[in-house]
Protein chains: 2
Amino acid sequence: MRETDFVSGFARGLKVIEAFGETTPRLAIADVAKATGLDRATARRCLLTLAELGYADYDGKFFVLTPKILRLGHAYLSATPLPHIVQPFLDKLAEEVRQSASASVLDGTEVVYIARASQKRVMSINLMPGSRLPAYCASMGRVLLAALPENESLALLKQSNLKSFTPRTLTDPVRLMEELAHVREQGFAVIDQELELGLCSIAVPLENDRGRVVAAINIGAPAASVPAAEMAERYLEPLKGVARLLKSLLR
Amino acid sequence: MRETDFVSGFARGLKVIEAFGETTPRLAIADVAKATGLDRATARRCLLTLAELGYADYDGKFFVLTPKILRLGHAYLSATPLPHIVQPFLDKLAEEVRQSASASVLDGTEVVYIARASQKRVMSINLMPGSRLPAYCASMGRVLLAALPENESLALLKQSNLKSFTPRTLTDPVRLMEELAHVREQGFAVIDQELELGLCSIAVPLENDRGRVVAAINIGAPAASVPAAEMAERYLEPLKGVARLLKSLLR
DNA sequence: TGACCTTTGTTCATATATCGCACATATTGT
DNA sequence: ACAATATGTGCGATATATGAACAAAGGTCA
């Protein structure tokens with residue numbers, strides 16, 4: 001790609017949108033400039049553009065994103081076949097095992113939920129399509145990382161901010177790589193309260209018709225009702241069953 | 001705002017993202033140019049920029065959005081307090097009445113789901129945060145339109161593509177305005193299979209602490225198990241109860 | 001209170017990058 | 001093989017980014 005095939009004004013604008021986050025819903029111009037590394041004048045122009053187009057509100061001091069911004073992400077969720085294909089299978093699965101079932105793909109060091117059938121909320125975190133979790137300590141993340149060539153998964157682990165969410169969280173890259181090898185071997189991953197105390201989950205990869213791993217599905221359950229040791233014997237077959245059914249439907 | 005406070009490259013790029021939709025997941029350069037009205041060269045530069053940044057994949061012919069694009073919408077969902085505040089109330093409500101409960105806001109002529117607690121799927125459409133429905137024939141849409149000044153709601157109806165989803169769909173603007181007056185009067189809206197045969201729903205507005213309507217919540221139920229006439233007597237009080245509790249929490 | 005300092009927002013001139021056109025090339029379908 | 005359609009590229013005209021200078025708001029302390 002040539003230098004001139006890149007619209008930096010567009011790239012800067014996208015950076016500005018991403019500056020808004022969980023902890024920073026209301027941003028002044030200077031905040032955005034700091035968060036994005038853009039010049040204050042440039043940040044201001046991007047923000048005013050967002051406001052002009054109705055993607056943000058501006059009260060003269062702070063900018064706030066409007067729901068119109070959801071059109072952008074929705075373009076993916078509605079346009080991509082995967083979420084639509086997977087959803088009914090998750091619904092059936094969730095009802096069958098009476099636990100939440102989800103599907104996700106990898107985006108950098110994070111898993112991104114693309115579909116979900118929630119039975120009953122067991123996590124303090126509220127997950128929905130578009131939600132993100134660090135891959136290294138999520139069951140679907142382990143499965144997706146395990147599907148990558150070793151050098152790539154190692155690179156992603158190194159990029160990750162490996163912190164302990166609970167006393168059980170694995171954070172040593174070496175131990176994590178061993179665990180990924182184990183996951184690859186056995187074809188599924190179990191997480192025992194590494195992300196949140198009281199929550200266990202089990203995930204399997206979803207392969208497309210050519211055998212490439214394109215996503216992962218999981219079942220989450222309260223540790224109190226389903227000890228980690230029982231996750232596999234209860235849920236592995238239902239998960240594998242869905243993966244088998246989906247294999248021919250995905251490309 | 002001055003002319004120079006607008007970054008048209010950014011605006012063009014956003015248009016390109018929105019060109020991807022339900023029926024058009026894979027777009028070639030010329031498709032995007034046609035859909036957006038942009039010059040081919042410009043569309044190409046925007047698309048290559050998206051690909052370069054990892055928001056899209058390019059196989060040399062077609063562009064497809066990647067899950068990274070969800071970061072943009074997620075910036076809103078995670079940054080805006082409303083979805084987080086409302087979610088637990090929806091969960092409780094859905095469990096209590098054993099039906100799906102949702103919350104939405106208005107974006108132009110559409111309602112946008114910002115939170116949802118699904119009990120069991122009764123609709124053929126799969127709704128999730130970010131999903132959109134035409135306001136004129138959705139219960140939350142009626143409530144949100146009714147909360148606007150008459151000239152604004154009329155303007156939105158005129159902008160809407162008023163089509164019949166089912167034989168029961170109201171499409172006459174005059175009848176719709178009468179219905180909105182009725183909804184405003186009684187403080188809730190009931191939809192009886194106007195969007196999809198077999199689906200009824202009832203919605204109430206969510207006011208903030210200053211009395212401004214900031215969103216709507218609804219309960220959807222299969223017409224077979226809950227006739228439209230019974231929607232109000234069964235679900236109006238639970239919905240009103242949630243609205244009352246939330247009033248002091250919203251601003 | 002008021003003088004001073006700091007932070008934030010806005011404006012401007014100019015160097016730089018992007019747009020859109022026209023043309024060249026490649027791909028597709030018949 | 002040809003027409004039709006789609007994609008790639010060079011260039012002048014136009015739009016945008018930059019960084020410094022200015023203005024305004026907010027905070028601090030005597």
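**Helix packing**

Analyst: In chain A, helix 1 (residues 8–19) packs against helix 2 (residues 29–36) at an angle of about 110°, with their axes 9 Å apart. Helices (H or I, at least four residues) and strands (E, at least two) are DSSP runs numbered from the N terminus. Axes are lines fitted to C-alpha atoms, for helices over the stretch in contact, and angles run from 0 to 180 degrees between N-to-C directions. This is a predicted model, in which local features need pLDDT of at least 70 and side-chain atom pairs count only at pLDDT 80 or more, while totals for chains, interfaces and linings use all residues. Residues are numbered from 1 along each chain as its sequence is written, and chains are lettered from A and ligands numbered from 1 in the order in which they are written.

User: Is helix 1 of chain A roughly parallel or roughly perpendicular to helix 2 of chain A?

Analyst: Angles under 35 degrees count as roughly parallel, over 145 as roughly antiparallel, 65 to 115 as roughly perpendicular and the rest as oblique. Helix 1 of chain A is therefore roughly perpendicular to helix 2 of chain A. Lys15(A), Val16(A) and Ala19(A) of helix 1 meet Val32(A), Ala35(A) and Thr36(A) of helix 2; contact requires C-beta atoms, placed from the backbone, within 7 Å.

User: Which residues come nearest to DNA strand C?

Analyst: A residue is near a strand if its C-beta atom, placed from the backbone, lies within 6 Å of it. Of the 19 residues around DNA strand C, the nearest are Ser8(A), Ala28(A), Ile29(A), Ala30(A) and Thr42(B). At least two residues of this surface come from each of helix 1, helix 2 and helix 3 (40–52) of chain A, and from each of helix 1 (8–19) and helix 3 (40–52) of chain B.

User: How many residues of chain A are in contact with chain B?

Analyst: In this model, 51 residues of chain A are in contact with 50 residues of chain B. Helix 4 (70–79) of chain A is among the contributing elements, and helix 4 gives the most to this side, with 10 residues.

Terms used. Contact = placed C-beta atoms within 7 Å.
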